[in-house]
Amino acid sequence: MSDPNSQDIDLQVEAGAKFHRGSALSIFTTDRREDFVALVFALLIALGVYLFV
Amino acid sequence: MVYTKRSPALLIMGILFLLIGISVQFGLQSGLIKYLSIDKHMTEMLSVSYTAATAGILVGLWNLFGTHKEGHLDYYLSTVGGVVFILLIAMGIRWYLDPWVAVLSKAMGPVMADKYLHDVLGLNYVVLGIIAGIITVNLFKIPAWAENGVRLSRLGLKTGVILLGTLYSLAELAHLGQLSVVLIGFFVLGSVGLVLWMGQRRHISNSMGGVLSAGMGVCGVSATVAASPVVNAKSAEIAYTIGTILLWGVGCMFLFPIVGHIFHMGPVQFGAWAGTGILNSAQVAGAALAFQPNGIETLKVAEIFNITRVLFLPIIVLWLAVWYVRREAGAEQVNAGRVIFEKFPMFVVGFIMLFALSSTGLFAPANHYQGQYFDNNIKAEKLLSEKDVGLLKGEAAKVQRNDQNEALQRLMDNRKVMGIDDDDTLRGLVNAKTLGKEANDILKKAHKAVRHTAKKIAAFRDWITVLFAFGLTGLGMQITMSSIRQAGGQPLVIGGVVGTLKAVLSLLVILLFVRETI
C-alpha cells in the first residue's frame, strides 16, 4: 500500500488493499515519482514535436 | 499479484478504434462529419484512433492469449485496458456527443444574449466526460480489466499541465504575471488566514485547521498533502480536507462557466477568476475548458494563475510550520525546508522548464503570444484596402480612448498593424464593440494579417487537449459518492464559507480591475 499521507487516502480506505503497488488514484508509489514520469512523457512529446512538426 | 485480467474487451475496443480510423480516412463518415461540423477534428480522429487501435489490438491479443506472471511487464501493460477504455469514452464524447449536443442546442436558438443553451450550461466534452466518468464509477463500476488504467488519468493531467508551459513566452508571463501575483497573493494569504481563524472559532483541531487552510488557500489536493506532515495531520483529517476540496471544486466547475457567461467575461477575466477561485488544478482546467471549449486562451490564463498559486506553497508551508509549532507547545519539530523539498509538486518545475525552453524561441519565435507571433512584414495583398481605410475613418470619431485612437490612426496611415501593443489595443477595441460590425471585421482582418500561428505550438495544443480529455474523464471515474460524503461536517462549513467568499470577492475584483486584452 502507499504512503498513508498520500492524497488518495479517502479512496484507499474505501478500496482496501486493492492494489499492492501505488494507490487508488495512481499506479506510482509516490506523487513525486508520478511527477517525474509526467515530466519524462512531456519531454518526449516536446522532442517529437520539435523534430517532426 | 497478477494485474492482467483475461478479457476480450481491450481487443474489441482496439478493433472499434480501427473501424473509426478507417471509416474517417475513407470518407464513410463524411455525412456525419458534415452534420456535426467536426471536420476540424479529422486529423486528431485519425491519429488517436490508429494509435489506440494499435495499442488495443496488440496488448488485447497478449491479454487473451499470452501468459502472465507477476512483475513489471504485467503491472504496466495491465494499464492499457483502462487507458483505451477512458480514451474511447473521452474521444467518443469529444468527437460525437459534444458536437451533437451543440447541434441540438443551436436548433433551439439562443437562450442568453447570443449564447446557446450548451454554451450557458457549459455542456461540452470536458463536462460531459467528467459526468460520464462519475456515472460509470457510481452506477456501473469500473470493469476489473480497466481499474489499473484509470489510475493513470492524473498522470495524463500532469503531463498536460507540463506541456502547457510550451504555450507561454516570457513576455506574455511578464504581462500577466504581475496581475496574477498580486491577485493570488491577496486571496491565498487571505484564505489561509481566514480558515485558521475560523477553525479556531469553531474549535476544530490545529492539525485539521492547518491542513484545510493549505487546501483551501493554495492548490487543493497537492497543498493538502504537502502541508499534512507540517501540521501532523491525521489520515481522516486529510481525507476530510480532500473531500471538501473535491466537492467544492465539482460545484465550481459547473457553476463558474455559467456565471462567467452571465457576466459576459472574456478569456483573461474568466481565466483569472477560475485560477483564483477554484482550488484543484484539474478542476481549474475543467472550468476553463468548459467556459471556452473551442480555444485555449482561457485555459492558459487560468493555468498561469493556478501555477502562481502553487508557487505560494513554500510560503504557506513555512507559515503553517511556524503557526503550528507556536500553537502546539509539545508538537514535534518539523523541518519546513525539508518538507518543501520533498513535497513540492515536480510537475510545476516541469511546466517552468518547458516555459523556459519555449521562451528561447525553440518552438516558435521568442515573442510568441498564445502560440501566435507578431510579424508585420506582410505581402501587399494582406494590407488593408483603401475602401477598408475609408470605412474606418468614417467610424474613428466613435473611439473615445486616446490609446485606441492613436493605434487606429497608425493602422489607417500604414494599412497594417504597426506593433504588438497596437495589436492588443485594437483587439480591446474590437471586444468593446465601440465600432460597427463592418469596422470590427476590418480590425479582425488586420489582426489576422500580422499574427501567425506556429505549427509546433498548434501540435502542442492538440496534445494538451487529448491529455486533458483523457485525464478529466478518468478524474470523473474517481469521484465516488462515498468520497463526496466524506466532506460533511465542520470542514465543509468552513470550506464552503471561505471558498464562497474567495469566489465572490475575486469575481468582484476581476470584474472591476481586470481589463480584457485578448
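Helices (H or I, at least four residues) and strands (E, at least two) are taken as DSSP runs, numbered from the N terminus. By this rule, chain A of the predicted model has 2 helices and 0 strands. Residues are numbered from 1 along each chain as its sequence is written, and chains are lettered from A and ligands numbered from 1 in the order in which they are written. Because the model is predicted, local features need pLDDT of at least 70 and side-chain atom pairs count only at pLDDT 80 or more, whereas totals for chains, interfaces and linings use all residues.

Of the 53 residues in chain A, 47% are buried (20 or more other C-beta atoms within 10 Å of the residue's own; exposed, 12 or fewer; partly exposed, in between; C-beta atoms placed from the backbone).

Chain B is assigned domain 1 (9–108), domain 2 (164–366 + 457–513) and domain 3 (373–453), with bounds from an automatic or database domain assignment. Domain 1 of chain B contributes 8 residues and domain 2 of chain B 6 residues to the contact between them (C-beta atoms, placed from the backbone, within 7 Å). On the domain 1 side, helix 3 (42–65) and helix 5 (79–108) of chain B each supply at least two residues; helix 5 of chain B gives the most, with 6 residues.

B:Ser37 lies in the loop between helix 2 (30–36) and helix 3 of chain B and is exposed, with 12 other C-beta atoms within 10 Å. B:Arg415 lies in the loop between helix 21 (402–414) and helix 22 (420–432) of chain B and is partly exposed, with 17 C-beta neighbours inside 10 Å.

Methods
Contact = placed C-beta atoms within 7 Å.
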